[in-house]
Structure formats: structure tokens, C-alpha cells
Amino acid sequence: MRKRDLEILLSRIPPHPRPRVELEQYATPAHLAARMLWVAAYTYRDLPAGVVLDLGAGTGRLGLGAAVVGSEYVVLVDVDRGALRVALEASRELGVDARVEAVCGDATRVALARRADCALQNPPFGVHRRGADVAFLEAALSLSRRVYSVHKAETVSYVLRRCREAGAEAEPLFEDVVRLPPTMPHHYKREHRVRVVVIRAAPR
Ligand code: SAH
């Protein structure tokens, strides 16, 4: 499969049906999701993997993408059941539903019997609930042997430091720009552009 074909497949996965400001819901742009998956698969060979975790999966672009590139078992976790329903519907359309599970609950409170092989996440950036980004990151580090995570560019040095403090090797991979919906109901701008960085972390 070409990267462009993956991007087109992912772009057909719908965004959140009823986006909620307080959950910082927005669908990862297909080009960003495809690039993340591509680097994980072809630069680092972390994908396809046995067990993949997508924390704050929303409608599942990252996790479903991991299934499309051949991962054996993908677990999507989100508090929004409606978004997960959209993800499961998309998993059927992509023909990967036999390898995808959706769990509705708090991604920072997940327990697994054994570590996942790879976690992919585009978590809330902690704009609405301070610290949500780091809480997601620490959950992923404790649950998975490899972690790919999207963060606001200005927080990246802090995020990398937190990874190292948690005993993980961590590095920035690439930068991108996403368009976020307004973060407050009274914002007059329809959306704003935010620089993000994708990081890779490997807990020891
Ligand atoms: N990764 C998704 C969506 C990112 S938006 C994609 O690729 O499209 C952030 C997501 O985190 C939203 O779907 C939101 O519902 C979810 N979320 C926010 N707080 C959460 C929590 N505590 N536990 C699980 N999911 C949460």
C-alpha cells in the first residue's frame, strides 16, 4: 500500500458525530495519521504489531490505520460511546472488524494483563482539562512497549522530559499543523491552527 492510499482510506473515516468542547474532540487529519503510521511501520518497524492500543481513539483513525497495515489486535479506548460506534462501523467498512475492539471508558485508568506492543494516540492537549495530555502519555507509557503520541509543539520539551523521568527513551519525530475547533464556546474564530509534534517513546 502507498502512503497516499492509506491517507485516502483514513480520510473516509468520519469525524466525531457530536464534537464536545470539554473533551477536546477533533479527528486527527488523515495526512497526519497516515504519516504517523508510516513512520511507525517503515522507519521503526513498530507496526504491524501484535496488540495495539489507541487511547482517546475518537472515531479511530489511528487505531484502525494500525489494523489496516496488518496489526493483529487493536483496542480503541474513548469516553465517547457515539464516537466508538462510528469507529466500529468504519472498521466493518475497512474489513478489519474481526481485529478491532472498542472500550468505552477513561483512557487514563485502563488496566491490561500484559503490555501492548504499540500505543498510538492523539490525546486531548490539556487545553480544557489541564494535564490531560501528560495523564494520557503516562498511561500509554505504563501500558505499552512503544508509544507514538501527538502533542502541542510548545509543550514538547516538557513532554519529552516527562517521558525520560518515567524511564523511557523519547524523541521528537516530525512537526505538523492541525486545525482545531474553538476551545471555548465564546470563541469567535471558527477554528485555529496549532503546531503539533509527534513523539516516539520506548519505555525500558
Ligand atoms: N485520536 C482521535 C481523536 C482525538 S480527539 C483521532 O485520531 O481522531 C481526543 C479524544 O480523546 C476524543 O475522542 C475524546 O472523546 C477523548 N477523550 C478525552 N478525554 C478522555 C478520557 N479521559 N478517556 C478517554 N478518552 C478521552
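**View 1. G70 and its contacts in the predicted model.** Leaving aside neighbours within four places in sequence, G70 is in contact with P48 and R99. The model shown here is predicted. G70 sits in the loop between helix 3 and strand 2 (73-78). With a relative accessible area of 38%, G70 is partly exposed. V96 is 26 residues away from G70 along the chain, and 9.0 Å separate the two C-alpha atoms.

View 2. The ligand is surrounded by 19 residues. The closest are H16, Q25, T28, D78 and A107. Q25 places a polar side-chain atom 2.8 Å from an oxygen atom of the ligand. In the side chain of D106, an N or O atom is 3.0 Å from a nitrogen atom of the ligand. A107 uses its backbone: a polar atom there is 2.8 Å from a nitrogen atom of the ligand. On its own, the ligand has 570 Å² of accessible area, and the protein covers 97% of it.

**View 3. The aromatic pair of Y26 and F125.** A search of the whole structure finds two aromatic pairs. One of them joins Y26 and F125. A pair of aromatic rings is described by the distance of the centres and the angle of the planes. For Y26 and F125, the centres are 6.2 Å apart and the planes are 45 degrees apart, a tilted pair. Y26 lies in the loop between helix 1 (3-11) and helix 2 (30-43), and F125 in the loop between strand 4 and helix 5, so the pair ties together parts that are 99 residues apart in sequence. Are these two residues buried or exposed? Both Y26 and F125 are buried.

**View 4. The aromatic pair of W38 and Y42.** W38 and Y42 also form a tilted pair, 4.5 Å centre to centre, with 45 degrees between the planes. Both residues belong to helix 2, and they are four residues apart, which means about one helical turn separates them. An α-helix has 3.6 residues a turn, so residues three or four places apart point the same way. W38 is partly exposed, at 22% relative accessible area. Y42 is partly exposed too, with a relative accessibility of 43%.

**View 5. Helix 2 from end to end.** Helix 2 has 14 residues, and at 1.5 Å a residue they should span 20 Å. The end C-alpha atoms of helix 2 are 19 Å apart, which agrees. Its buried residues are A30, L32, A33, A34, M36, L37, V39, A40 and A41. What covers them? The cover includes helix 1, helix 3 (61-68), strand 4, strand 5, strand 6 and strand 7. After helix 2 comes R45, with a positive phi near 60 degrees.

**View 6. Helix 5, a mostly covered helix.** Nine of the twelve residues of helix 5 are buried. They are A132, D133, V134, F136, L137, A139, A140, L141 and L143.

Definitions and conventions:
Residues are numbered from 1 along each chain as its sequence is written. This is a predicted model: local features need pLDDT of at least 70, side-chain atom pairs count only at pLDDT 80 or more; totals for chains, interfaces and linings use all residues. Side-chain values use heavy atoms; hydrogens and water are left out. Buried means under 20% relative accessible area, exposed over 50%, partly exposed in between (1.4 Å probe, protein chains only). Helices (H or I, at least four residues) and strands (E, at least two) are DSSP runs, numbered from the N terminus. A residue is near a molecule or strand if one of its heavy atoms lies within 4 Å of it. A polar contact is a pair of N or O atoms within 3.5 Å; within protein, one must be able to donate a hydrogen and the other to accept it, and residues adjacent in sequence count only if both atoms are side-chain atoms. Accessible areas come from the Shrake-Rupley method with a 1.4 Å probe; for residues, only the protein chains shown count as cover. Rings of Phe, Tyr and Trp (its six-membered ring) pair if their centres lie within 6.5 Å; planes under 30 degrees apart count as stacked, over 60 as edge-to-face and the rest as tilted. The expected span of a helix is 1.5 Å times one less than its number of residues. Contact means heavy atoms within 4.5 Å.
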